[in-house]
Amino acid sequence: MTTGGDDAREVGGGPQGRLVALTPLTAADAATLFRWINNRGDVLLNSPYRPVSERQHMQWFDGIQQQRDVVIFGIRLLTDGRLIGSCQLHGIHPVHRSAELQIRIGEAGERGRGHGTEAVTLLVDFAFRDLNLRRVALHVLATNERALKMYERIGFVREGVLREAAHVDGEYVDVVVLAILRADTAAR
């Protein structure tokens with residue numbers, strides 16, 4: 001499949017939208033992911049920062065793909081196949097048919113262009129269609145207003161606030177819990 005344009009590459013292996021495709025991560029992606037996880041400013045958007053050694057990162061990278069309750073994808077631009085982020089469903093529960101979603105657009109220059117919105121929409125559709133889940137939840141720092149607006153625009157509903165549940169950069173911050181149900185997406 002080609003995506004159009006002279007410099008477009010084939011990007012496949014998972015759900016695909018107009019801007020991005022969700023694809024399996026490969027060993028070639030490990031160095032990029034390592035750079036992102038050690039970018040303090042970017043990590044603070046989602047969690048407390050803790051430097052990660054290359055050995056720790058490779059243990060995580062090798063292990064995450066073996067976990068049965070995790071599905072992880074790279075987010076690649078359709079135009080050139082470049083990795084710009086990652087997203088995952090973790091804590092996939094076969095009885096409750098639920099999971100928790102996480103996303104990171106690691107390339108700062110690609111934020112605010114609709115890539116994250118499309119990636120989350122693709123991942124939620126994958127969760128409901130391919131994994132037969134009923135519920136996808138997530139936790140967001142209350143200070144990350146841009147992310148909160150994006151999730152709500154997609155259809156996630158605020159379910160509550162965990163007061164001062166995260167210690168980030170020397171301060172306690174609230175964590176907002178949001179979720180989307182399969183029934184919420186039926187009209188899409």
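Analyst: In this predicted model, helix α4 (residues 115-129) packs against helix α5 (residues 145-154) at an angle of about 45 degrees, and their axes lie 10 Å apart. An angle of that size makes α4 oblique to α5. The crossing in which α4 passes α5 is right-handed. On the α4 side, the residues that take part are Gly116, Thr117, Val120 and Thr121, and they meet Met150, Tyr151, Arg153 and Ile154 of α5. Sorted by class, this contact of α4 with α5 comprises 4 nonpolar, 3 polar and 1 charged residues.

The scheme can be applied to a second pair. Helix α1 (residues 30-37) and helix α3 (residues 54-64) have axes that come within 10 Å and cross at roughly 120 degrees. This angle makes α1 oblique to α3. The crossing of α1 and α3 is right-handed. From α1, the contact involves Ala30, Leu33, Phe34 and Ile37, while α3 contributes Glu54, His57, Met58, Trp60 and Phe61. By class, the contact of α1 with α3 has 7 nonpolar, 1 polar and 1 charged residues.

Both pairs belong to a chain whose secondary structure comes to 5 helices and 7 strands. Read from the N terminus, the order of the elements is β-α-α-α-β-β-β-α-β-α-β-β. The radius of gyration of the protein chain is 16 Å, close to the 16 Å that the globule rule gives for 188 residues, so the chain is as compact as a globular protein of that length. Its C-alpha trace spans about 50 × 45 × 30 Å along the principal axes.

Finally, a word on confidence. The protein chain averages a pLDDT of 89, and 93% of the residues score at least 70. Over residues 1-10, however, the pLDDT is below 50; this stretch has 14 contacts in the model beyond near neighbours in sequence. Where pLDDT is low, predicted coordinates should not be read in detail.

How values were computed
Residues are numbered from 1 along each chain as its sequence is written. This is a predicted model: local features need pLDDT of at least 70, side-chain atom pairs count only at pLDDT 80 or more; totals for chains, interfaces and linings use all residues. Side-chain values use heavy atoms; hydrogens and water are left out. Axes are lines fitted to C-alpha atoms, for helices over the stretch in contact, and angles run from 0 to 180 degrees between N-to-C directions. Helices (H or I, at least four residues) and strands (E, at least two) are DSSP runs, numbered from the N terminus. Angles under 35 degrees count as roughly parallel, over 145 as roughly antiparallel, 65 to 115 as roughly perpendicular and the rest as oblique. A crossing is left-handed if the near helix is turned anticlockwise from the far one by less than a right angle, and right-handed if clockwise. Contact means heavy atoms within 4.5 Å. Ala, Val, Leu, Ile, Met, Phe, Trp, Tyr, Cys and Pro count as nonpolar, Asp, Glu, Lys and Arg as charged, and the others, Gly among them, as polar. pLDDT is the predictor's confidence in each residue, from 0 to 100. The radius of gyration is taken over C-alpha atoms; the globule rule is 2.2 Å times the number of residues to the power 0.38.
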